[in-house]
Amino acid sequence: MDNTTHKPTEAWKRTHYCGELRPAHDGQDVVLMGWVHKSRDMGHLLFIDLRDREGLVQIVIRSEKAALIEEAKKLRTEYVIGVKGTVRPREAKNRDLATGEIEVEAKEMRLFAVSKVPPFAVADPAQASEELRFKYRYIDLRRPAMQRNIRLRHEAALRVRNFMSRHGFFEIETPFLINSTPEGARDYLVPSRIYKGRFYALPQSPQIFKQTLMISGFDRYFQIVRCFRDEDLRADRQPEFTQIDVEMSFIDREELFELIEGLMAVLFELVGEKLSPPFPRLTYAEAMERYGSDKPDLRIPLEMKDLTAVAAGLGSDIIKTVLAAGGELKGLLVPKAAGQSRAQLDKLGEKAKSLGAKGLFWIKKQDGFKSTLKLAPGELEAIWSALGGGEGDLALMIADKKKIALKALGEIRRTWPQEQSGKRLFKFAWLTDFPLMEWSGEDNRLVSMHHPFTSPLDEDVEYLEKETARVRAKAYDLILNGVEVGGGSIRIHDMELQRRIFNVLGLTPKEIEEKFGYFIEALGYGAPPHGGIALGFDRLVMLLAGEESIREVIPFPKTTSALCLMTNSPSVVSERQLAELGLKLKA
């Protein structure tokens with residue numbers, strides 16, 4: 001075997017990827033390059049599974065190639081080699097392998113690089129902890145599942161670009177070094193060397209810039225863009241993430257819905273899924289009442305019901321006390337679940353308490369009623385009738401303040417098994433008419449539920465200053481399988497209305513001028529009605545790939561504590577670098 005390492009591919013031009021070879025290539029001479037996945041020495045034969053991004057193929061070296069066999073015996077897993085050979089039918093077919101009907105009879109080999117023993121095997125499922133995988137991400141990315149996920153990410157991005165271009169959109173880049181804004185999550189700040197004591201911020205979203213592009217007359221904009229948020233992480237959150245950013249002029253909500261539904265249909269064709277727009281529409285109020293969540297998983301065929309009217313006639317002192325304090329009774333019927341044990345139901349009760357509820361009541365009908373509530377038979381029947389229960393069913397109920405009862409019962413609903421259809425289900429929904437603002441206990445003030453550029457519903461504008469909680473927004477979220485995959489709104493395009501929103505949010509004239517001065521002025525120069533949406537690209541690819549975390553579809557993710565284990569960032573910088581920026585660390 002030629003093991004020359006200088007100019008390693010000189011006169012060695014790859015003709016095919018390993019995973020591309022099929023019976024149609026029988027008899028062809030090929031040049032392959034890749035990683036040694038494993039080898040098997042049979043004495044008179046030596047087999048090597050050679051791997052590249054397209055898959056595996058079996059290489060065979062026969063006894064008459066004695067010198068080649070001896071050199072091949074020195075190969076170890078993850079060595080990088082080239083092979084020249086001829087495609088032949090494989091005697092022992094491997095039906096589990098795409099290339100399993102053929103093999104390549106080697107004539108020459110070339111060693112390009114040796115490898116140390118990897119910290120874990122390149123195999124699916126992952127053979128190491130997440131921390132070890134992230135530290136050696138370049139090895140983890142060699143796994144077939146990761147190769148498929150990153151390919152899927154590329155194909156999804158390509159489809160987005162082609163779809164948006166066909167629909168008249170320009171892809172326009174917006175700045176990464178911008179002004180810090182007082183709304184939303186924490187900014188990542190970038191100190192200026194030239195203007196010491198002043199800072200850029202990395203964008204949480206291109207929001208103001210894409211609206212500025214509408215004022216500039218570009219009419220239809222999109223961008224697959226990196227965004228940054230310095231916030232606590234979850235499985236579907238990262239400090240830096242990618243979104244499909246969209247903005248359009250002279251549109252209404254339905255036109256945007258139709259566009260995005262078309263985009264989703266194109267994306268989900270990648271996994272063989274044929275969607276059927278239009279997607280269901282739910283108002284925020286409906287979603288909370290029926291599912292106890294503003295991102296309901298519609299694969300779970302259960303809906304909550306308000307039992308407060310029925311509760312008013314019940315003799316339970318516990319429920320009477322809750323109702324007297326302004327609380328409500330919410331119920332969830334679970335068909336054919338009366339077989340749940342007392343221990344299982346007690347566990348649900350503990351979950352309800354962990355979510356802030358006082359407790360959980362249940363009724364089951366199994367050769368008569370059984371319940372944790374001491375009620376007369378007629379009262380149990382009244383609840384059962386209101387829920388539409390039958391023999392063998394189970395009713396779960398929470399009596400508490402409305403918000404607490406909805407949230408707790410909604411979370412219990414999310415833990416219930418999904419519909420079983422034998423295939424992956426994708427259940428989309430649009431949520432509309434969110435509250436424009438909500439009270440933040442942390443900040444002790446009103447904050448925008450989406451962002452401060454969201455337009456209120458026309459019929460609610462009159463309540464903006466006096467009954468703010470009553471004001472609904474022209475905002476919408478796209479929900480898929482209980483995950484928010486997009487959020488947007490029709491924007492404010494009137495300068496005075498935008499000032500009113502900032503005032504209600506408690507921003508001072510100075511803050512408005514410093515943070516949004518140019519944008520307020522721009523609105524005065526003829527801003528068209530416009531709206532848009534930001535779709536979570538990482539989340540969409542995660543769902544397309546059937547993964548549980550976006551970290552499985554991001555090439556180089558951070559941990560849940562925002563660390564990059566591969567590069568050891570964030571890292572300490574030198575005193576000299578800090579001095580150049582006019583900064584000094586506190587002890």
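**Close-up views of a predicted model**

**View 1. Helix α11 has a buried side and an exposed side.** Look for E379, L380, I383, W384 and L387, the buried residues of α11. Looking down the axis of α11, you would find these buried residues within an arc of 140°, so they line one face of the helix. Which residues does the face turned away from the buried side carry? That face of α11 has the exposed residues P377, G378 and S385. After α11 comes G388, which has a positive phi near 75°.

View 2. Find V310 in helix α8. Is V310 buried, partly exposed or exposed? Its relative accessible area is 24%, so V310 counts as partly exposed. Leaving out residues up to four places away in sequence, V310 touches A382, I383 and A386. One of these, A382, is 72 residues from V310 along the chain, yet their C-alpha atoms are separated by 7.0 Å. Another, I383, is one of the buried residues of α11.

**View 3. F369 and W384 form an aromatic pair.** Now return to W384, this time with F369 beside it in the picture. How far apart are the ring centres of F369 and W384? The centres lie 5.5 Å apart and the planes stand at 75°, so this pair is edge-to-face. F369 is in strand β15 (residues 369-371) and W384 is in helix α11 (residues 377-387), so the pair ties together parts 15 residues apart in sequence.

**View 4. F176 and F228 link distant parts of the chain.** In the whole structure, a search finds 16 aromatic pairs. In one of them, the rings of F176 and F228 have centres 5.7 Å apart and planes at 85°, so they are edge-to-face. F176 sits in the loop between β6 (170-171) and β7 (189-191), while F228 sits in strand β9 (residues 220-228), and 52 residues separate the two. F176 is partly exposed, with a relative accessible area of 37%, but F228 is buried, with 11%.

View 5. Five names to look for are F453, F502, F516, Y518 and F519, which form one aromatic cluster. Elsewhere, K364 lies over the face of W362, at 5.3 Å from the ring centre. Which ring does the charged end of R470 sit over? It is the ring of Y463, with the charged end of R470 3.8 Å from its centre.

**View 6. Strand β1 pairs with both β4 and β2.** Seven bridges join strand β1 (residues 29-41) to strand β4 (residues 80-89) in the antiparallel sense. Here V30 stands opposite G85 of β4. Strand β1 also runs antiparallel to strand β2 (residues 45-52), with six bridges between them. R40 has F47 of β2 as its bridge partner. Finally, follow the chain through the hairpin of β1 and β2: three residues lie between the strands, and G43 takes a positive phi near 90°.

Notes
Residues are numbered from 1 along each chain as its sequence is written. This is a predicted model: local features need pLDDT of at least 70, side-chain atom pairs count only at pLDDT 80 or more; totals for chains, interfaces and linings use all residues. Side-chain values use heavy atoms; hydrogens and water are left out. Rings of Phe, Tyr and Trp (its six-membered ring) pair if their centres lie within 6.5 Å; planes under 30 degrees apart count as stacked, over 60 as edge-to-face and the rest as tilted. Helices (H or I, at least four residues) and strands (E, at least two) are DSSP runs, numbered from the N terminus. Buried means under 20% relative accessible area, exposed over 50%, partly exposed in between (1.4 Å probe, protein chains only). A charge sits over a ring if NZ of Lys or CZ of Arg is within 6 Å of the ring centre and within 35 degrees of the ring normal. Two strands pair if DSSP finds at least two bridges between them. The arc is that of the directions from the helix axis to the C-beta atoms. Contact means heavy atoms within 4.5 Å.
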